Amino acid sequence: MTAWLRHHLQSLQQTLARFAGSPFASIANMVVLGVVLALPLGGYALLANLQTYAGSLPTEPQISIFLSPSWRAEDSALEAQLRSAPGVQAVRFVPRDAALAGLKRVPGLGDVITSLRENPLPDAFVVTLGSADAETAARLEAQFRALPGISIVQVDSAWVRRIDSLLKIARTAVLMLGVLLGFALIAVTFNTIRLQILTQREEIEVSKLVGATDAYVRRPFYHEGVLLGVGGGLAALGIVQGALLLFNTDLARLGPIFGVLPVLRLVSLPDASAVLVFAGLLGWLGSYLSVSRHLLTVQPH
Amino acid sequence: MTQPIISLSGVTKRYPGGREALTGVSFQIEPGEFVFLTGRSGAGKSTLFRLIAAIERPSSGSVLVAGQNVGSLSARGVPFLRRNLGLVFQDQKLLFDRSVFDNVMLPLLVTGQPYRDSARRARAALDKVGLLDRERANPVALSGGEQQRLCIARAVVNRPSILIADEPTSNLDAEYADIIMGMFRSFNQVGVTVLIATHDRHSLEQGRVVALDHGRVAA
């Protein structure tokens, strides 16, 4: 057991020494892996941000009903009809003056609104539905459209659902990208380890001749693969976090122009650890495949 | 009667292409013996060396080393057999990317011994071959004779019970060859079984000679 641990430590030392011996080659390798991993990781980070942003939007299904100018507020029959429709939870009347006042409060729009000579907005009802299913919304939409005095019926939650399904597609795309580039990472470590085995042919051969077990010979290459993967993962995290921070400073600068913009969240610690573990595993897999494939060819002769 | 430490019976080695390097070779070496394996180049000495070190396997017959049948040894068992052998190769197989000291350390590190003990033993081995003052040097900087001594130090650092050398004096002058032979003798005196393959007739004064001729043991 102690011998086994000592082996590992020795081999790790050797691997680190080898990295230190050719720092540029090692760093170049890790940067390549970092760029490869940064693509899916960056996609994932952006998606996660979009998702939280989409999640903060009202998903409660609402139907906005804009009334034709001929409609008079005294006519309460319409409101009663809306209220009595099955599936409707609440009905709120928004008079055109109140809507205008609301728009005036939106930063940047105030000046535009006051420059208008007359209020262009119609009166409206906002109908909140009891359930979120698309069928009810569609049925009520059709039903309301048929009522007299109504110019536009708009289902407000539809676009939220659209975003949601778009996000789902994007998530699949990121996943596919991740899988593909995971293979790329395996391939890169595979090749790196192959070259390493070739350059250390003699050492491997002599070690075997003086009684090294197969496991002993393989170990440094596994360490190297894992270190490469983890190094690549660190590089990827650096790239993605850096990019997100850069975006955030840009967003902060744009804030006064566009009003409040969301701050992008960085890759969280658990996610970052998962990336490192995963990258390490892929590096190990690449070196395992390479060692199994190439070490057999190095035999004492 | 002691068990022979190396025992070959009816060993034949045929290489792909049909060339037969060894044909029905049988002989035994007792523990503590000092044996020369002689014959011209191509007589099969190196092949025999490789069979005993489990670098190659016999086509037929059996090679027993310290009670283990090399021919049927599993790949897992080979390293443990080799740890019991001190090997001095004809082409030396020194590593030129590290110091003299690290070359001698290799057999010890490979077995997972603590660094401190290993370092002490490596220095003791270097001392025995008179290279202690060169431990930091790169093997490239050593003379031919010194390189050969380094090979011996690496072979004995693990305190093997068998020391096998393939043409250890082939490219050394007579005086240096004597020094090298003297080293093998001193290891033999402390109980190590020594087998030396050589085509060099003049260093055969003491010890048993097994002569090979065209892959067969000559009478």
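The structure is a predicted model, so local features need pLDDT of at least 70 and side-chain atom pairs count only at pLDDT 80 or more, while totals for chains, interfaces and linings use all residues. Residues are numbered from 1 along each chain as its sequence is written, chains are lettered from A and ligands numbered from 1 in the order in which they are written, and side-chain values use heavy atoms, with hydrogens and water left out.

Start with the place where the two chains meet. Here 18 residues of chain A are in contact with 23 residues of chain B, contact meaning heavy atoms within 4.5 Å. The area buried between chain A and chain B comes to about 1,700 Å², with carbon and sulfur atoms giving 61% of it; buried area is the accessible area (1.4 Å probe) that two parts lose on being put together, summed over both. On the chain A side, A:Val206, A:Leu209 and A:Val210 lose the most area to chain B, together 33% of what that side buries.

Between chain A and chain B the count is 2 salt bridges, a salt bridge being a side-chain nitrogen of Lys or Arg within 4 Å of a carboxyl oxygen of Asp or Glu. A:Glu205 pairs with B:Lys93 in a salt bridge whose closest N and O atoms are 2.9 Å apart. B:Arg98 forms a salt bridge with A:Glu203, and there the closest N and O atoms are 3.0 Å apart. B:Arg98 lies in the loop between S6 and H3 of chain B and A:Glu203 in helix H8 of chain A, so this pair joins two chains. Over all chains, the salt bridge count is 16.

There are also 5 residue pairs in polar contact across the interface of chain A and chain B (both at pLDDT 80 or more). A polar contact is a pair of N or O atoms within 3.5 Å; within protein, one must be able to donate a hydrogen and the other to accept it, and residues adjacent in sequence count only if both atoms are side-chain atoms. The elements giving two or more residues to the side of chain A that touches chain B are helix H1 (2–21) and helix H8 (201–209) of chain A. Helices (H or I, at least four residues) and strands (E, at least two) are DSSP runs, numbered from the N terminus. H8(A) gives the most to that side, with 7 residues.

On a 1 Å grid over the protein atoms alone, a cavity is a set of points where a 1.4 Å probe fits but cannot get out, and a pocket is an open set with protein on both sides within 12 Å along at least five of seven lines; lining residues have an atom within 4 Å of a point. Grid points are joined across faces, edges and corners, and a volume is the space filled by probe spheres set on the points.

The largest pocket has a volume of about 750 Å³. Its lining has 27 residues, and the closest to its centre are A:Gln14, A:Gln200, A:Glu203, B:Asp97 and B:Arg98. H1(A) supplies the largest share of this lining, 6 residues.

The cavities of 30 Å³ or more number 2. The largest cavity has a volume of about 90 Å³, and among the residues that line it are A:Leu209, A:Val210, B:Leu85 and B:Phe89. S6(B) gives the most to this lining, with 3 residues. The second largest cavity has a volume of about 30 Å³, and its lining includes B:Leu37, B:Phe49 and B:Ile164. H1(B) gives the largest share of that lining, 3 residues. By class, the lining of the second largest cavity has 8 nonpolar, no polar and no charged residues; Ala, Val, Leu, Ile, Met, Phe, Trp, Tyr, Cys and Pro count as nonpolar, Asp, Glu, Lys and Arg as charged, and the others, Gly among them, as polar.
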